[in-house]
Amino acid sequence: MNQWSKARINRRIKALLANSFFWRLTLFGNSIILLGSFMLYLFESELQSPPVNFLDCILWSAGTVTTIGYVLTPLTTVGKLTLLGLMIFGTAFVWTYMAFLVTAFITPELGALKKDMHDVEREIQQFKKGNS
């Protein structure tokens, strides 16, 4: 049987989507991106050449948080501090999010592996007793 069957993956995705922490983490991360977008729009949009719209600021903020980057450079102190905060948050957020996702997909496999190891240890003990 394929270790990563479609049914197995679907069950894990459903379990992930049913997890309230996943949704809280997603909502928090997206809220920070929108807050950063608002700050950039408020303080940077008219100073950029050409002026940028709110969608550009969302792309700028999301690109910074996800460490992809964006072509605009902040001109104001508030804009620079906003992007600095987004960079720090983005690094921690991406690590936390990835760790959570990997845990959601790998933990069931680790449980099965632990059970298999326990079974092998039990068989070894039975083998040792039989040869004594």
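## Fold at a glance

Starting from the N terminus, the elements of this protein go α-α-α-α. That makes four helices and zero strands. The radius of gyration is 24 Å, while the globule rule gives 14 Å for 132 residues, so the protein is more spread out than a compact globule.

Keep in mind that what you're looking at is a predicted model. The C-alpha trace spans about 85 × 30 × 25 Å along the principal axes.

The predictor gives the protein a mean pLDDT of 85, with 96% of the residues at 70 or more. Helix α2 (residues 20-44) comes out with the highest confidence, at a mean of 91. At the other end sits helix α1 (residues 6-18), where confidence is lowest, at a mean of 83.

## Inside and contacts

How much of the protein is buried? Buried residues account for 27% of the 132.

As for who touches whom, take the contacts with a separation of 6 or more: 66% of them are between residues 24 or more positions apart.

Note on methods:
Residues numbered from 1 in each chain as written. Predicted model: local features only at pLDDT ≥ 70, side-chain atom pairs only at ≥ 80, totals over all residues. Heavy atoms only, no water. Helix = DSSP H or I, 4+ residues; strand = E, 2+ residues; numbered from the N terminus. Rg over C-alpha atoms; globule rule 2.2 N^0.38 Å. Buried < 20%, exposed > 50% of the residue type's maximum accessible area, 1.4 Å probe, protein only. Contact = heavy atoms within 4.5 Å. pLDDT = per-residue confidence, 0-100.
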